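The sequence and model come first, followed by the description.

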Amino acid sequence: MLKQITLAAIFALGHSTAIAGQTIKTTESERALSRLGDLRPDTVRRRLSELRPPVYQPGPVLLNEIIKRKELTVISGERVERLKAALQPALAYHERDGKLPIFVVRSEQPKAYMAERAALIITTKLMLIASEAELRGIVAHELAHEYFWEERDRAFKERDESSLREIELFCDAVAAITLKAIGDDPACYARALERMTIIGATAGNVTRSETKTHPSLEARVKFNRWLCQQLGQGAVIAGRR
Ligand SMILES: [Zn+2]
C-alpha cells in the first residue's frame, strides 16, 4: 500500500509516459526520495540527523592546498561577509553553521561545490547571478552531498551513473526542503538551476541534458516543481497521517 502510493506520487512527476528509458529515471527519483522516508518536516529533520556525518575538520594545510592546487583566487570583503551571513540559516539547518569554511573565488562560471568535504566554494559569478535565497538553496544542495559522501565516491569509482544521478536528485530534494524549512520559497532553487545553466552553458555542475553524473535540467526542474507542490500542501508522500 505504502509502496503503491509512493509510486503513484512519483508518476505524478510526469514520468508516466511509458517510453523506453523513462523507467530508469522514475526509479532514480523514487530511490532519491526513499532516502528521506517521507516529506514531513519532522521526519526529514530526524532522518537527516541520523544520516549526518560528524563535522569534517580540515587542517589549514588542506585548505591551503585546495586553494593552491586549483589555483583559486579567494575574494574577501564586506560583500563576502554579507553572503556568509545570509547563508547561515541553510547551514544551521544542516548543523554546519560556523563549522564549514566558505570561500568565494573569482570565476566566470556560476558554480558552488564542496571541495573534498573540507570547504564550500562559491564563485563570484554565482554570487552575482543568484539571489540570497537562491544561494541558500544551492548551498543546501551542496551540504546534502555530505550525507552520502562515501557512497558517491564509491559510485564515481565504480562508474555507477544511475546512483550518481540519484544522489543529485536527493540533494535537489534536500535543497527544496531546506528552503521550505527556513522560510524561503523552495521554487527559487529550480529558477537558480535554470539560470546557472543558461549562463554557465555546459560548464560547471548544471547541464541541460542528462550526463553520467547529473539528471537533465528538465528532470530536475520537474522534480522541484512536484516537490514544491507537495511541500506547499504539507503532503506526506508515503500516504500516512
Ligand atoms: Zn550535486
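Leucine 164 is placed in helix 9, in a model that is predicted. With 20 C-beta neighbours inside 10 Å, leucine 164 counts as buried, because 20 or more such neighbours within that distance is the criterion. Leaving out residues up to four places away in sequence, leucine 164 touches Arg152, Ala155, Phe156, Lys212 and Thr213.

Apart from neighbours within four places in sequence, alanine 173 is in contact with Ala32, Leu33, Leu36 and Leu227. Together with Val139 and Tyr189, Ala173 touches the most other members of the largest nonpolar core, a set of 49 residues. Helix 9, residues 161-181, is the element that gives the most to this core, contributing eleven residues.

The contacts listed above for two residues are set out here.

| Residue | Contacts beyond four places in sequence |
|---|---|
| Leucine 164 | Arg152, Ala155, Phe156, Lys212, Thr213 |
| Alanine 173 | Ala32, Leu33, Leu36, Leu227 |

Helix 9 also packs against helix 7. The axes of helix 7 (residues 132-144) and helix 9 come within 8 Å and cross at roughly 135°. The two helices are therefore oblique to each other, and their crossing is right-handed. On the helix 7 side the contact is made by Ala133, Arg136, Gly137, Ala140, His141 and Ala144, and on the helix 9 side by Phe170, Cys171, Asp172, Val174, Ala175, Thr178 and Leu179. By type, the residues of this contact divide into eight nonpolar, three polar and two charged. An α-helix has 3.6 residues a turn, so residues three or four places apart point the same way.

Helix 4 has another setting. None of the ten residues of helix 4 (residues 60-69) is buried, so this helix lies largely in the open. Just after helix 4, glutamate 71 takes a positive phi of about 55°.

For the chain overall, there are eleven helices and four strands. Of its 241 residues, 35% count as buried. Among contacts in the chain with a separation of 6 or more, 67% are accounted for by residues 24 or more positions apart.

Conventions: Residues numbered from 1 in each chain as written. Predicted model: local features only at pLDDT ≥ 70, side-chain atom pairs only at ≥ 80, totals over all residues. Core = buried A, V, L, I, M, F, W, Y, C linked by C-beta atoms within 7 Å. Buried ≥ 20, exposed ≤ 12 C-beta atoms within 10 Å, placed from the backbone. Contact = placed C-beta atoms within 7 Å. Axes fitted to C-alpha atoms, helices over the stretch in contact; angles between N-to-C directions. Parallel < 35°, antiparallel > 145°, perpendicular 65-115°, else oblique. Left-handed = near helix turned anticlockwise from the far one by under 90°. Nonpolar A, V, L, I, M, F, W, Y, C, P; charged D, E, K, R; others polar.
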